[in-house]
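Here is a quick tour for anyone meeting this structure for the first time. Have a look around before reading on.

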Amino acid sequence: MTLRYGPVATAASVAHLPLVDLSGAGVNQPPGHTWRPTRRGIALRAAAPVALLALWQMSASAGWISTDALPPPSAIVSAFQDLIASGDLQSAIPTSLARSLVGLVLGASTGLALGLFAGLWRVGEGLFDAPMQMLRTVPFIAMIPLFIIWFGIGEDAKIALIYAATIFPVYLNTYAGVRGVDRKLIEAGQVFGLSHFGIAVRIILPTALPSILVGLRYAAGVALLALVAAEQINAQSGIGYILLNANQNQRTDIILAGIIVYAALGIIIDIVMRWVERISLPWRPSIVLA
Amino acid sequence: MSLLSPDRIHSHPVQPHAPLVEQPVSVALSGLRRVFGDRAVLDGIDLSIRRGEFVSLLGPSGTGKTTLLRILAGLDRADGGTVKVAAARSVVFQEPRLVLAKRVWQNVVIGHKRGAASRRHAIDALEEVGLARHSDAWPKTLSGGEAQRVALARALAKEPDLLLLDEPFAALDALTRLRMHDLVAQLWKRHAPAVLLVTHDVDEAILLSDRVIVLSGGRISFDTPITLPRPRQREGRTFAGLRKQLLAELGVLTTAAEALA
């Protein structure tokens with residue numbers, strides 16, 4: 001070490017340490033600069049989907065693929081126009097949404113109640129946790145034949161399927177959220193004179209809410225998935241009915257339109273759930289700053 | 001609390017400047033034992049603290065300081081002996097332990113009945129620690145020192161006869177710690193609860209306390225009054241002498257102690 005630094009260096013012979021120049025990193029950017037999509041960036045992102053749509057349309061016009069197997073985008077647009085003109089779509093969407101919403105509300109409340117019971121009380125954990133953990137591994141789609149035998153092919157079977165599918169995400173996340181509350185916070189609650197009920201309502205529930213909402217958001221997605229499966233059971237109304245009808249009439253354009261509606265519903269539900277999270281968790285800085 | 005069910009001592013109205021001997025007892029321990037496995041962490045503790053008395057508890061790590069404090073708080077149980085503590089008591093922990101999902105003022109009155117008066121009460125307590133303007137903030141937006149002051153306000157809002165401080169300054173930076181010392185001394189003077197401060201910091205103990213206790217081998221091995229006039233400075237021969245004596249009691253070698261001084 002002594003050798004390396006040597007005797008006191010004269011100005012001319014100062015050895016240079018290799019310094020890394022980091023000044024450039026933030027120099028040319030105004031403070032608080034964040035990445036914003038530029039026009040070029042947007043064009044770049046849109047390029048591939050647009051090219052794909054164009055290719056799809058072109059291959060149909062050029063006769064490369066059978067329009068019966070894969071109708072071009074223009075045909076799907078006109079299928080949408082027909083569905084709206086006949087009023088089928090307008091009546092189908094509320095029907096389907098109501099199905100998934102009823103199933104979701106019932107399933108989520110059951111999951112929430114069981115999750116809280118198992119999370120807060122040892123008795124609840126003993127009673128419900130093991131069976132819930134076993135049942136959750138059963139794929140709900142495998143239950144369809146059984147549900148048809150139990151509930152018939154009417155609305156009941158559809159709601160029951162959505163119900164069965166949405167209990168578990170809410171249960172698991174509620175239970176984990178409640179159990180994840182820091183023991184130290186509960187002690188503080190005890191010291192400051194809170195009853196068991198007070199600790200549950202004023203410390204555990206608010207602290208576990210983010211996790212519960214994750215469960216709810218996941219359940220909302222699953223509700224839509226279950227809706228699609230449920231509507232394959234002899235639907236008399238709803239988007240599933242449109243799909244079944246189209247299937248019998250070999251109308252691939254309408255089938256594709258129905259699939260697009262399902263996808264759009266999924267996106268809308270996710271946006272709504274994010275919004276619910278945002279307004280019910282104002283204290284989470286990650287969300288406040290986002 | 002029902003877990004421990006210590007006999008409660010009901011405090012009587014206290015004359016503001018009555019001498020300590022006339023003050024009601026806030027803590028009365030005799031022959032307290034706490035055993036973990038086959039090791040007695042606390043083995044025959046006798047201790048009495050009166051209202052208005054500031055006692056610091058020193059001791060090497062693992063000597064059961066925190067266990068003793070937790071027993072007094074009602075968070076742990078004694079295995080033997082008698083434990084009598086004031087019913088109105090509160091704790092400031094090493095970490096703030098605030099509910100992040102509740103606003104600052106709601107944290108301050110977390111154990112209180114909800115009502116219009118509780119917000120007023122919370123803001124009054126926050127005023128005392130200089131944080132009234134943060135009463136509607138979320139705990140995550142506070143600095144470490146501010147969060148710890150909220151914890152102090154929460155402890156005071158309960159108007160305790162016994163205030164238990166479990167290394168409340170340990171996680172703070174040096175400057176914030178000095179400010180907290182002043183704040184605690186000031187609030188103690190105003191409200192005059194019995195205070196038990198668990199700490200590793202000998203200077204802190206001398207600066208703040210009426211009495212310093214050293215715990216070792218499961219017993220109180222040293223118990224000395226601090227009679228320096230307040231407000232205290234870290235200077236002077238008496239202070240240095242006390243520091244040296246306490247460090248020796250804690251088993252710190254004299255050379256190290258002198259280096260520290």
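Predicted model: local features only at pLDDT ≥ 70, side-chain atom pairs only at ≥ 80, totals over all residues.

## Strands that pair up

Two strands count as paired if DSSP finds at least two bridges between them.

Strand 6 of chain B and strand 7 (residues 162-166) of chain B run in the parallel sense, and their pairing spans four bridges. In general, strands of a sheet pair through backbone hydrogen bonds, either parallel or antiparallel.

## The sheet in chain B

Zoom out, and you'll find six strands of chain B forming an open sheet in the order 6-7-8-4-9-10, with mixed pairing. Strand 6 (89-92) and strand 10 (219-225) of chain B stand at the edges; each has a single partner strand, so one side of each has no neighbour in the sheet. Going from one strand to the next, the twist averages 20°.

There's a helix to spot here too. Helix 4 (residues 144-157) of chain B lies across strand 6 and strand 7 of chain B, and runs at about 175° to strand 6 of chain B.

Chain A has 13 helices and zero strands. Of its 290 residues, 29% count as buried. Take the contacts in chain A between residues at least 6 apart in sequence: 72% of them join residues at least 24 apart.

How do helix 5 and helix 11 of chain A cross? The axes of helix 5 (residues 88-120) of chain A and helix 11 (residues 239-248) of chain A come within 7 Å and cross at roughly 125°, so the two helices are oblique to each other. On the helix 5 side of chain A, the contact is made by Asp88(A), Ala92(A), Ile93(A) and Ser96(A), while helix 11 of chain A brings Ile239(A), Gly240(A), Tyr241(A) and Ile242(A). Sorted by type, the residues of this contact are five nonpolar, two polar and one charged.

## A closer look at Ala230(A)

Is Ala230(A) buried or exposed? Ala230(A) is buried, because 28 other C-beta atoms lie within 10 Å, and 20 or more is enough to count. Ala230(A) sits in helix 10 (residues 196-230) of chain A. Leaving out residues up to four places away in sequence, Ala230(A) touches Lys158(A), Leu161(A) and Ile162(A). Ile269(A) is 39 residues from Ala230(A) along the chain, and their C-alpha atoms are separated by 18 Å.

## Where the chains meet

Finally, 17 residues of chain B are in contact with 17 residues of chain A. The chain B side of that meeting divides into nine nonpolar, two polar and six charged residues.

Methods
Residues numbered from 1 in each chain as written. Chains lettered and ligands numbered in written order. Buried ≥ 20, exposed ≤ 12 C-beta atoms within 10 Å, placed from the backbone. Contact = placed C-beta atoms within 7 Å. Nonpolar A, V, L, I, M, F, W, Y, C, P; charged D, E, K, R; others polar. Axes fitted to C-alpha atoms, helices over the stretch in contact; angles between N-to-C directions. Parallel < 35°, antiparallel > 145°, perpendicular 65-115°, else oblique.
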